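Biologist: Could you bring the model up on the screen? I have a handful of questions to go through with you.

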Amino acid sequence: MNEMGPNSIGLSREDLPNSYIGRSVARPNAPKLVQGRATYTDDITLPRTLHAAFLRSPHPHARFTVRGTDAARQVPGVVRVFTGQDLEGACTPWVAVLEHLKGMKSAPQRPLPLDRATWQGEPVVAVLADTRAAAEDGVAALDVEWDPLPAQVDMETALAPGAVLIHPELGDNLVFRRTATQGDVEAAFAKAHRVVEARFVTGRHTGVTLEGRSILADFNRAEGTLTVHHATQAPHMIQEVLAQHLNLPAHKVRVICKDVGGSFGIKVHVYPDEVAVAVMSVLLGRPVKFVADRFESFASDIHARDHRILARIAVEADGTIIGFDVDDLTGIGPYSVYPRTSAVEGNQVVNLCGGPYRFDHYRCTTTVVLQNKAPTCQYRAVGHPIATTVTEGLVDLAAEALGMDPVEIRRRNLIADDAYPTTSPAGMRFEGLSHHASLDKLLEMVPVERIRTDQAEARQRGVHRGLGFASFIELTNPSPFMYGIGGARISAQDGCTVRMDPDGSVVASSGVTEQGQGTEAILAQIVAHGVGVPVEKVRVVTGDTLATPYGGGTWACRGAGIGGEAALQGALALKAQILEVAGSMLQGKPDALDVVMGEVVDRATGTPRLALGELGRILYFRGDTLPKELPRELVQTRHFITKEYPFAFTNGIQASWVEVDPDTGMVKLLEHWCVEDCGRVINPLLVDEQVKGGIVQGIGGALYEHCVYDGEGNLLTTTMADYLVPMAAEMPEMHVGHVETPTRESLLGAKGAGEAGTAGAPAAIMNAINDALRPLGARVTEQPFTPARILAALGRI
């Protein structure tokens, strides 16, 4: 048999499954013309989809040699085995850095490594077969020799003398460091009435999406096109990545992303195994499919939140906050993740600490280092829960040190609602927030007096309950300041094409995607309102780079604020076009007409004049009866991008009511409240459920979820029996309220709502636990707040 070289795209006999050698690969019941009519036959040859399985490194750091693939090739159904060397000429490596993150560095990464694995779970060899089971059998038959190397697991020693250099060519394990400063921190802290400090730890966790990562790549040699069906949040970004690194014209790459079963940021990154699937499809000219199982997801989906923070706050005797001083350390695995980079989470900690408050002195440093663990990157509310936990934890500690009520210290220090626009000490520009209105709204919802009475009575019975608060800010609607300024081909704008068909129905094609959060419902609602048709008359198309306007996709809560504004502008433009045609047909002025529920009506009286279906019939089928200067199509495309502010910040405040059992360390969530200001609320039900879903994920990080490694870098939580997520029984009764401060950058006025719950919930829960433990002289600041950690804080283990 002919061996295929790394640069070849020739199809050899071994590229077909053994069972198909010597005959056609048939598609049953394919149509065939016989004597002028269609019949069906089985003799049309089509390539069958191959299934990929990956040998993943069992070691956190090791050199490897693929000694033999013959046994794998002999497994029934196995077609090909690919190593890193086989893919080397067909895909260029990528380096995940951004130009505006000064001094950032990372090593080149490939679809499959050449001879060294750098985390346990890294894909190193791919086997293709006609079934997934056969591919996995082929993986089991591979002959690979492993030479384990010392692993750098602990982030706190990653920069110490003698640390294992994960990529020696980089010189050290430092990826990125940034310090933001304002004022004179040392002098301010020296003269402060009280300085309170603490060490905060946020445990690694991951997304645990209902649907695992999945991709099906199909390269058509005749057309030179690559079609990729992909569970991704950003189809156009993936199109750019594959075109660039597979040396294909971008217009020859089509990415299709239909409804995705949850993402939370997990599916907005480039994964080496997914790129390998696309490369193998190009090399073979055949469809290749890969779906990550749950074990692979734990070992290869990005992790997040792995931080160690030393922080302190300075306050006056009356509770006035003078300043914050924060030192953040985070480990990101062996590579920065492409193309958004793994430094953004730490960078967000710098941007967001202290965010809701007025103060003059600020210093915050993030240090991002490499380690031999699964890569970390951006997960729901990137950096927000970390910054909020640090900020709100310190504010509560300051209140305790001063003997002040935790609500009162917040009221005295929150930025005034009439102080905008303003810029935070970290350099974040705020257009308009509502901290005090949100606090007032929360206090209307939370029966604080009753809770405090219940708390005191329960303590007399040996029952320890606590109430905790956490204010937060959240960045949404990101501008090119996020990625474009750093050279990443990630769009901050989005577009929507709105078209009316002859029957009066409307089709809206949008660059944002549906990940289960209700984007398509929101867009349908916006377009229906903008055009003037019933919502059931609107069909929304998303997730196809060939059929939708160019856009950034779904991330950073931009679906409504960016995609929704583009949809509204497109809908209003289409309405104006409809009225232009209607005015001519009705011999009236367009501005004297309106469109309401699918009918052109008299604007002054509301009297129906013309159904849109009739207008469409005449325009599309009897255009000869209309003046030639009128448009002959009813379609408009609009794009939107924020310009004045880098982000549309939202804000809010949460409260949590918990019970802690000092004998077992168990935490029971009794009730949780969140007031959130996401600008204009378009669909109250969807917004409330987004907030609640975010709270639940925040509960997971606070109490349950943790990617645990041993001291050698072995991942110990690889099943749902080991990695705990909150389920229905762990969810408290949740209450959501709103304050609306629309952004003036758009007509819609919408900001994001999907990450607010996650941003504030861990801090509120932590403060509630510590409120419950305060009479016992205990405190916890290391997430997740497991029973063992609570018992340790109580000195009982």
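Biologist: How many residues does helix H17 have, and how far does H17 reach from its first C-alpha to its last?
Modeller: Helix H17, residues 756–773, has 18 residues and reaches 27 Å between those two atoms, close to the 26 Å expected at 1.5 Å a residue; the expected span is 1.5 Å times one less than the number of residues. Helices here are DSSP runs of H or I with at least four residues, strands are runs of E with at least two, and both are numbered from the N terminus.

Biologist: What should I know about the source before we go on?
Modeller: This is a predicted model, in which local features need pLDDT of at least 70 and side-chain atom pairs count only at pLDDT 80 or more, while totals for chains, interfaces and linings use all residues. Residues are numbered from 1 along each chain as its sequence is written, and side-chain values use heavy atoms, with hydrogens and water left out.

Biologist: Back to H17, is it mostly covered or mostly open?
Modeller: H17 is mostly covered, since 18 of its 18 residues are buried, where buried means under 20% relative accessible area, exposed over 50% and partly exposed in between, with a 1.4 Å probe and protein chains only.

Biologist: Where does Glu745 lie, and what is it in contact with?
Modeller: Glu745 lies in the loop between strand S32 (733–738) and H17, and it is buried, with a relative accessible area of 18%. Leaving aside its neighbours within four places in sequence, Glu745 is in contact (heavy atoms within 4.5 Å) with residues including Glu431, Phe640 and Tyr645. A polar atom of the Glu745 side chain also lies 2.9 Å from the backbone nitrogen of Lys643.

Biologist: What is the order of the open sheet of 4 strands?
Modeller: The order is S25-S24-S23-S29, with mixed pairing, where two strands pair if DSSP finds at least two bridges between them. Its edge strands are S25 (538–542) and S29 (635–640), each of which pairs on one side only. Within the sheet, S23 (residues 494–500) and S24 (residues 506–510) run antiparallel and are joined by 5 bridges, with Met500 standing opposite Val506.

Biologist: Last one, which peptide bonds are cis?
Modeller: A cis peptide bond joins Tyr420 and Pro421, with omega about 0 degrees, and the bond from Gln783 to Pro784 is also cis, with omega near -5 degrees. Pro421 is found in the loop between helix H10 (406–413) and strand S20 (422–423), whereas Pro784 is found in the loop between H17 and helix H18 (787–793). For background, most peptide bonds are trans.

Terms used
A polar contact is a pair of N or O atoms within 3.5 Å; within protein, one must be able to donate a hydrogen and the other to accept it, and residues adjacent in sequence count only if both atoms are side-chain atoms.
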